[in-house]
Amino acid sequence: MTPALLPIEQEATKVNVQKQKWSYSRLSMFEGCERQYFYKYILELPYPSNPPMQNGKIFHTGIDLMIREGYSPSESLYYGMGVNGGLPVGEKPYHFISMLNKAYDRIPQLEYAEITSELHLEVKTTLGIVQCYIDLLIDDPSNDVLEIWDWKTSWHSFAADTHIQLALYAWLLKQTRGYVGSTFKGRLIFPRLGIEEDSEVEFTEEKLNEAKTWLVTQITKVQSKDPSNIEDWEMCKDRTKCDYCPFAARCAGGLLDGLPSTGEPKSQEEAELIGSYILAQEAALKKMKSGIKKWVEDHGEVPVGSGKWTVQQGNQNFKCEDVETLIDYAKRQKLDVKEAVKANTAILSKWLDEDDTGELKQIITSTKGRKSFKYVN
Ligand code: SF4
């Protein structure tokens with residue numbers, strides 16, 4: 001059911017499993033999809049950034065430069081774009097400049113507080129080294145307060161209280177420092193959204209223990225897996241995770257084996273496998289289509305068989321919201337009033353072309369047609 005590993009990949013499984021350094025992102029990937037973890041950390045297959053990751057990297061580079069070096073938001077942004085491969089499609093520089101400003105403005109101006117950006121911690125445990133990068137640490141000894149902040153560039157917010165990442169960082173910080181102040185808090189900052197979406201958590205002993213238990217549970221589970229047997233690493237149940245996964249084609253590749261090519265299951269188990277196969281194929285096709293679309297946009301059409309993959313520009317669309325004025329115009333210009341009532345894009349385009357008065361420009365708007373990527377014969 002799963003593609004066999006190449007000999008070089010089998011060798012890699014033996015070596016890579018030895019060099020584990022644990023982190024939240026690594027363990028949460030395992031928790032989300034064991035198979036993805038296997039591909040990334042055991043086989044060490046390339047894991048190119050997807051748009052959300054790219055956004056996060058650019059933002060983190062930018063805000064760090066503003067805090068540490070005093071760069072302006074635009075200088076920080078362009079540096080961040082330069083070192084992280086540019087903005088993903090659909091993002092605009094002004095979105096990021098606004099996010100950087102909003103994030104920076106939220107940092108309190110405290111006279112005696114020490115503010116540290118991108119603090120790297122490594123803690124030795126009996127299960128190996130655990131590391132993290134704290135986005136922002138605010139140490140305010142005058143009020144005996146210590147705060148851990150984490151920047152999130154997502155379009156939706158979530159509660160700091162239930163997000164194990166902050167509590168894990170808090171546990172690691174406590175292992176390193178010992179004393180953590182009488183008030184020890186964490187905060188998730190969502191600079192794309194309003195300040196009211198930020199959320200806070202107070203780190204109690206119970207919270208820190210929860211994080212430690214999560215850490216131990218995940219590491220123990222990873223260590224119980226057989227690195228030489230891909231089947232031991234389960235594919236995730238929530239297949240929405242596959243949408244951004246670079247291994248979608250790999251996962252889809254080996255699934256057909258043993259399933260009926262008619263698509264008609266003989267049992268519930270086979271029905272579930274076919275359902276799983278379809279989801280994996282859809283995720284793989286989506287990724288491949290977006291990859292080849294980018295190729296066609298950059299390099300031109302790709303001939304396949306008797307046709308070609310191409311990008312076609314849709315027609316320009318015309319619209320008139322003020323139909324009353326349009327009817328009045330039609331009457332004065334001795335045009336067909338019925339056509340003015342219909343006001344379809346072909347008529348509007350024609351009348352606009354022929355209009356020397358300039359009146360129609362004021363009431364007719366146009367939008368560019370959408371680009372569509374398709375295979376044409
Ligand atoms: S495609 Fe889906 S199942 Fe396969 S590794 Fe990625 S997230 Fe996991």
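**Reading surface and cover in a predicted model**

The buried residues of helix α3 are Glu34, Arg35, Gln36, Tyr37, Phe38, Tyr39, Tyr41 and Ile42.

Me: How many residues of α3 are buried, out of how many in the helix?

Reply: First, keep in mind that this is a predicted model. Buried means under 20% relative accessible area. In α3, which covers residues 34-42, eight of the nine residues are buried, and the helix is mostly covered. Just after α3 comes Glu44, with a positive phi of about 55°.

Me: What about the surface? Which residues form a nonpolar patch there?

Reply: Tyr71, Tyr79 and Val83 do, and together they have about 280 Å² of accessible area. Tyr71 sits in the loop between α4 (51-69) and α5 (73-84).

Me: Why does Lys368 count as exposed?

Reply: Exposed means over 50% relative accessible area. Lys368 reaches 71%, so it counts as exposed.

Me: Which domain does UniProt place at residues 21-251?

Reply: The unreviewed UniProt entry gives "PD-(D/E)XK endonuclease-like" for that span. In the model, residues 21-251 are 44% helix and 19% strand, and their end C-alpha atoms lie 26 Å apart.

Conventions. Residues are numbered from 1 along each chain as its sequence is written. This is a predicted model: local features need pLDDT of at least 70, side-chain atom pairs count only at pLDDT 80 or more; totals for chains, interfaces and linings use all residues. Side-chain values use heavy atoms; hydrogens and water are left out. Buried means under 20% relative accessible area, exposed over 50%, partly exposed in between (1.4 Å probe, protein chains only). UniProt positions are given in the numbering used here, feature names are shortened, and annotations may be inferred rather than shown by experiment. Helices (H or I, at least four residues) and strands (E, at least two) are DSSP runs, numbered from the N terminus. Patches are made of residues with over 30% relative accessible area and no salt bridge: like charges are joined within 9 Å, nonpolar side chains (Val, Leu, Ile, Met, Phe, Trp, Tyr) within 5 Å. Accessible areas come from the Shrake-Rupley method with a 1.4 Å probe; for residues, only the protein chains shown count as cover. A salt bridge is a side-chain nitrogen of Lys or Arg within 4 Å of a carboxyl oxygen of Asp or Glu.
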